[in-house]
Amino acid sequence: MSNVFSILRKELRSYFNSPIAYIAVLFFLVFTSVWLFYIQHFFAQNVADLRPYFAIMPLVFIILLPAITMRIWAEENKLGTVELLMTLPFRESEIVIGKFLGAFLLLVIMIVLTIPVPLTVLRTGHFEMGQIVGQYIGLLFLGASGISVGLFLSSVSTNQITAFILSIVVLLFLTLVNRINATADVSTGFAGFVNYLSLDYHFQSFIKGLIDTRDLFYYVIVTFVFLFMNTKVLVFRKWG
Amino acid sequence: MIEVDHVGKRYGTFEAVRDVSFSVGGHEIVGLLGPNGAGKTTIMKILTCFHFPSAGSVSVNGFDIYGDPLSIKRSIGYLPENAPVYGDLTVLEYLDFISRVRYPGGGRTDPAVAKLRQERLEWSVAECGLGPMANRSISRLSKGYKQRTGLAQAILHDPAILILDEPTSGLDPNQIIEIRRLIKQLGREKTVILSTHILQEVEAVCERVLILNEGSIVAEGTTDEIGREMKGDDVYVLELKAGAAPDLESELGGIPGVTRVTQFERGGDGSRAAAHLSMKPGAENGEAIFDWAVGRGYKILSMNRERVSLEDIFTQLTTGEGRAHE
């Protein structure tokens, strides 16, 4: 456990010593607020519901999460520090979990920084607190799975830009894949399957404030599978 | 301490190391010498459990590389090639990270570990002369300081085994002397394996050398042993007072055992005559030259015996000339 914390510490220090974390935080907060207040005209809508605010999150995450995760492995691969990391007395899984938690904690910080948005609008109407809590929980789970996807793709890249674009493409696909059901004529079985794959589909019930264990389970599985594959990438690398 | 048994390593179709076997004992400084691409770095990657070999077996400190890589990693300090370091951390942050990995635990519950960690960190910073740079971001350091940061990382936990891949590359001459002194000092109580393509480094620091070429060991032993094994000639440099011996080449050729004489000028004003003599190895060679000079009434200004230099051997072994010798 101590090893995981060492990695986590180092990752967070790296984030906050470079401008990337600040830029990502700024982009996230400004964009989502502009979206809610200017594009969605939150006050003009006159509805005590933050759904539009959270509905845009999966799309924002498609850009935001790769920006957080792209450097995690790609930079180590490029600078050769991966050799250092892999020859320190860590288990592969400890490194992966430490790095994952580092990125996740950064995301948690960003999400915490959005709390002023609901706080400021709370007194303007009768919001359902339960719904907002559900929305935030969904956001954390959605973020965790997106980060594990980005982390895995970074581990197979030697270049941050490759990792960034690769992650955007994969997240874009995983998020929006259920939209083909709306445009193409597909069988219900296939439609169900496609829906099940989609990161966005599982987020819909959280937006309504419902915490469905099936959706939680899905996000946990996605997170676990990609972290597991990441560990395997490290082991396979040893065979050069 | 380290046993390498018939190890081979392929990267795709490229055979980086083929059938290499050697062993290293405790408190020994061993140099891996070879031209670039000879397989030095690959061997180090295998010893540090970064890569698995494609063939053969390796044990380090009694642990098998497949069975217990974590124990091996704990007992090794490793400076990879080009000393990779985290640019976005400061020197202290970086070494703090390493010290937390090397000495896990600590904190409020265990102040002894935290204290030890702090001591070791300060020791390695001082030993590598990093004091003035401690709070600088590593990305802003010169190549030399980056190299030293990497070295500080490797020695921080006082490992039983140190593996250093080109530890002095990028350093200026003063720093090189400093680092070599440090390595020699560490070698008294540790096993050190260092790779280099600089011959003087091996002669200055190492007790034993493995010369590698194209993935195989082509010579092994102390520098003297290798020299003897190569049956190089004894080489003397002789300097005489001039005027006395106008034609050294033919006169010296008369001494028994002399195989080659090359005369050259010393001093430039014609006051001294000098020559390189190659002689078949023998204990009385020096005497024979002295007797020859006395017999003729020549005055010897200086006479030096040159060891067969590692440089000669190295060139022979790694450019194909040595092949016939194998």
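Student: Which two strands of chain B form a hairpin, and how many residues sit between them?

Tutor: Strand 9 and strand 10 of chain B form the hairpin, and two residues lie between them. In the turn, Glu214(B) has a positive phi of about 50°. Keep in mind that this is a predicted model.

Student: In what sense do strand 9 and strand 10 of chain B pair, parallel or antiparallel?

Tutor: Antiparallel, over five bridges. Strand 10 of chain B covers residues 216–221. To pick out one spot, look at Leu210(B), which stands opposite Glu220(B) in strand 10 of chain B.

Student: And which way does strand 3 of chain B run against strand 9 of chain B, parallel or antiparallel?

Tutor: Strand 3 of chain B, residues 29–33, runs parallel to strand 9 of chain B, with four bridges joining them. There you'll find Gly31(B) opposite Val209(B) of strand 9.

Student: OK, switching to helix 3 of chain B. How many of its twelve residues are buried?

Tutor: Ten of the twelve, so helix 3 of chain B is also largely enclosed by the rest of the structure.

Student: Which residues are the buried ones in helix 3 of chain B?

Tutor: Among them are Val91(B), Tyr94(B), Leu95(B), Phe97(B) and Ile98(B). The list also includes Glu93(B), Arg100(B) and Arg102(B).

Student: What covers the buried residues of helix 3 of chain B?

Tutor: The cover includes helix 4 (111–127) and helix 5 (143–155) of chain B, along with helix 1 (2–17) of chain A.

Student: What span should helix 3 of chain B have, and how far apart are its end C-alpha atoms?

Tutor: Helix 3 of chain B takes in residues 91–102, and at 1.5 Å a residue it should span 16 Å. Its end C-alpha atoms are 16 Å apart, which agrees.

Student: Now chain A. How many helices and strands are there?

Tutor: Chain A has 14 helices and zero strands. Its radius of gyration is 19 Å, close to the 18 Å from the globule rule for 240 residues, so chain A is as compact as a globular protein of that length.

Student: What does the C-alpha trace of chain A span along its principal axes?

Tutor: About 60 × 45 × 30 Å.

Student: What percentage of the residues in chain A are buried?

Tutor: Buried residues account for 39% of the 240 in chain A. As for contacts between residues at least 6 apart in the sequence of chain A, 80% join residues at least 24 apart.

Notes:
Residues are numbered from 1 along each chain as its sequence is written. Chains are lettered from A and ligands numbered from 1 in the order in which they are written. This is a predicted model: local features need pLDDT of at least 70, side-chain atom pairs count only at pLDDT 80 or more; totals for chains, interfaces and linings use all residues. The expected span of a helix is 1.5 Å times one less than its number of residues. A residue is buried if 20 or more other C-beta atoms lie within 10 Å of its own, exposed if 12 or fewer, and partly exposed in between; C-beta atoms are placed from the backbone. Two residues are in contact if their C-beta atoms, placed from the backbone, lie within 7 Å. The radius of gyration is taken over C-alpha atoms; the globule rule is 2.2 Å times the number of residues to the power 0.38. Two strands pair if DSSP finds at least two bridges between them.
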